[in-house]
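Hello,

I am handing a structure over to you. Please open it first, then read the notes below.

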Amino acid sequence: MHMHAQLFGQTALAGLALATLAPTAVQAQAASPGSAQRQEATAPAAEDIVVTGSRIERAGFDAPTPTTVVGQIELQLGNRPSVAQVLNDLPQFRATQTPTSTSANTNNSTSSADLRGLGPLRTLTLLNGRRFVGSSDLNTVPLSVVERVEVVTGGASAAWGSGAVAGVVNIILNDDLEGFRFGADAGISSRNDAARSRLQASYGRRFAGDRGHMMVAAEYLQERGAFDRDKGPRPSLDGGLFVQTDGKIILAQDINFLNATQGGVITSGALAGQAFNRDGTLSPVSRGSVSNAANTIGGTSRSQLDSVAVTSPYERYNLFGRVSYELGEAAKVWADAAFTRIESDFGFFPEVVRGGATSGGIVLSRDNPYLSPAVRARLASGPATFRMGRFFGDTPGQGELSYQYRRDTLDLGVGIEGSFGAGWKYNASYGHGEIRNRDAIDGQRIGANFNRAIDAVVGPGGQIVCRVALTDPTTACRPLNLFGVGNIDPEAVSYSYGAARSSTVTKLDTVQAALRGDPFSTWAGPVSIAVGAEARWESLRTTADPLSASGSFTLVNFTPLKGQFDVKEGFGEVLVPLLNAEGTAVLEANGAARYSDYSNSGGIWTWKVGGTLRLFDDLLLRAVLSRDIRSPSIAELFTARITNIQNVSDPFNAGQVVSVIRFGGGNPDLEPETAKTLTLGGSYSPRFAPGLRLSVDWYNIRIDQVIGGLTAQDIVNQCFAGNQALCDATVRDPDGTLTTVFATFLNLARYETTGVDFEASYVTQAIGGTLSLRGLATYVQKLEINDGVNTFDRAGDVGDVAFSTPKWRATASANWRGDVFGADVRVRYVGGGDYNSLLNIENSRIGSRTYLDLGGQINVGSDFQLFGTVNNLFDRQSPITSYNNPLYDMIGRTYSLGVKGRF
């Protein structure tokens, strides 16, 4: 069978790390064309406030938690389609969910933020400092209204609540937009696919004597997708792991099936290995250069992967509006409204049934009347039935799965903020969001109907009918001819195949209030505090079609789900100056705590303690220790019980294979994941080199009680290895035979990761314009995964989609902006290593990948700009990897051209 896994190990990159150090913060710049768009990337001034690292908002305060700010230059590099795909170019992020990595999933085309590769659920994403329902898919935020993105690369649950285990992404919108702005761009790959087009428009103005401000924005984007991976211009995407007959594992391209073909292949009996031609005659299955019992390298057969899209097609519509009004010096009220629709309808992949000699496949009678007389004669001396493997999809609506979805996201928010007294500030807000998601997967086999339809016999009058028609003449069953290609009656398709459908409504309601100020001073300066309260209510409801609800489809059955929970929280934070020797040393201590009371699991504390020491105004040292949490999602808590039958090799009974009932689904008794994060580091801004900023931060994150699910075989194996908690999830009959396995979500694992982030920037005037240099590098020393029995270090394993984490990743960019012209150069690096450290692969070593991106701008007057980009200039190909690997450029070289302006 196809296996797709990969590992990147350690690579010497110290020189590149030093050369690509990147800034702790880069100030956001104006996004308009012409001379106003020179985007001078100056470093933040001392009075600038980065709001995400702490609830304390005081000019000059350095939060102990490292924070990186992505400004306008970074937002425009590469002309990415969403905020998440901009962030994925940073080495701290992993592209876990993108249109490329979800091309064969029902969360198709989603784009989420995943810090440290610990999973999107462990990165908290905010919009203007508040939770929003679209955080799981950043397609919901139009890039045209984003001013900057602040990224906290450390635990921040005490400040912001559950989910901030790996860090926080805070998307800050442009609240000061004035005038009309527009943009249009289009792009395509060098292989003439992956075409994209986008239109953007926004308008803002002040009113009521500048006391009020309003803005609206709209965006339309169409991605046409890329589908050519089958033996075509992307050969490395049509490969994986191949097990040779001597048991050795190799990486290979063009791996195809021997036990399933387009027209069907016999896999049992004397005719095993004979494939049906289009007309129903037989010929030997095509073999390539090397074969095992199930697969071959080369040949004219195919694999299921051949039909999986390289990147998904979709259309996206965004609408956004905001209005604010100053009631006076003490108060400003605001309201936000956003709507996003993303939809698609495309071929998913074919359903495949792979046959075996004694199990699997489609079981058919040797007397099936659709067999030619010659084939029936050759089968006559063998068993009464034979097994066959087959690809489906040669007839419309039959087996070639099509996927249709529409996701509508609505997010509303209202709030008030202001100040009173001697510098006290307050804010309060309420938000409501809904996601309405409709899915359909058409072309699936309806198991019972399909089995009746393939049981064909000759009925009265010599007509071929379903066997059931002999006893029930009124049956709707129509016989299926599976031998050859294109021989299936459309009426039989209508009876045997159908569409699984579901509708999901997700709701999020939030309310919060906070107060900040300086209640008193010490010998070293004012003590600052922030206190507040929050509450949120989350619910999810999924309905499914009757056939899915009864488990009637052979591949995908949508599962009904209904659940909700709420949480009420109180938090506090304090900043205490301990030393203030101006120009020599400034020492501050920072602490925060939050108590969260969950309706399903009770109360839990999170906290952080840290401090900063600034020496001679140049060097900042920082340290922070935090306890963070991630509460279980509604799906993990309340997914309805899923029942199926699995074959399990029982190590307690000499490996005997038994058929067991596996109960899966949600677990309402789950506890929150807990994490401890320690970060030590500092930044350096030397006075002798204005515009230069350097920083280095070491981190360690340990997550306990990790929520996950296991297969029935995993549970039995780990029970055999000594995990008593998993032994309790198995049931045996009185003679010791395994009968049942409970495989619901469990708090069962532990993750621990350690690494170093390097950052730097330099800004100067050069060649009549502004030159900005920036770089980031991340080294992952370890990523230990404890599954309840064993601990494995997966740092460098890049083939396993769940833990794709190379030892080194880096980006470096140079940007120059003048009055008329601008230019961008960026290098993206992914370290090399092994395909998978847990497997003994003969040719496991894989080299690093380096991608070069170019961009250019021409300003036409002060209000219009033409721009273009080339990503992956040298068309660096992906290595042989899993079809949805999140690390590599799967598309190849791409081009884009566009225009934007204002008036």
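Here is what was found, from the whole chain down to single residues.

This is a predicted model. The protein chain has 11 helices and 47 strands.

Start with the overall form. The C-alpha atoms fill a box of roughly 100 × 65 × 55 Å along the principal axes. Buried residues make up 57% of the chain.

Next, the surface and the charges. The accessible surface comes to about 34,400 Å². Carbon and sulfur atoms hold 57% of that surface. There are 79 positive and 87 negative side chains. The centres of these two sets lie 3 Å apart.

Now go inside. The largest nonpolar core has 43 residues. Which of them touch the most other members? They are Val83, Leu87, Val149 and Ile171. Several elements each supply at least two residues of this core, including helix H3 (83-87), strand S4 (146-152) and strand S5 (167-173). Strands S35 (692-708), S38 (746-766) and S39 (769-786) are also among them.

Take Val83 as a place to look. Leaving aside residues up to four places away in sequence, Val83 touches Leu138, Val141, Leu143, Val146, Val149 and Ile171.

Another core lies apart from the largest one. That other core has 26 residues, among them Leu282, Leu364, Phe483 and Ile488.

Best wishes

Key
Residues numbered from 1 in each chain as written. Predicted model: local features only at pLDDT ≥ 70, side-chain atom pairs only at ≥ 80, totals over all residues. Heavy atoms only, no water. Core = buried A, V, L, I, M, F, W, Y, C linked by side-chain atoms within 4.5 Å. Buried < 20%, exposed > 50% of the residue type's maximum accessible area, 1.4 Å probe, protein only. Helix = DSSP H or I, 4+ residues; strand = E, 2+ residues; numbered from the N terminus. Contact = heavy atoms within 4.5 Å. Areas by Shrake-Rupley, 256 points an atom, 1.4 Å probe, with all protein chains shown as cover. Lys, Arg positive; Asp, Glu negative; His and termini not counted. Charge placed at Lys NZ, Arg CZ, Asp CG, Glu CD.
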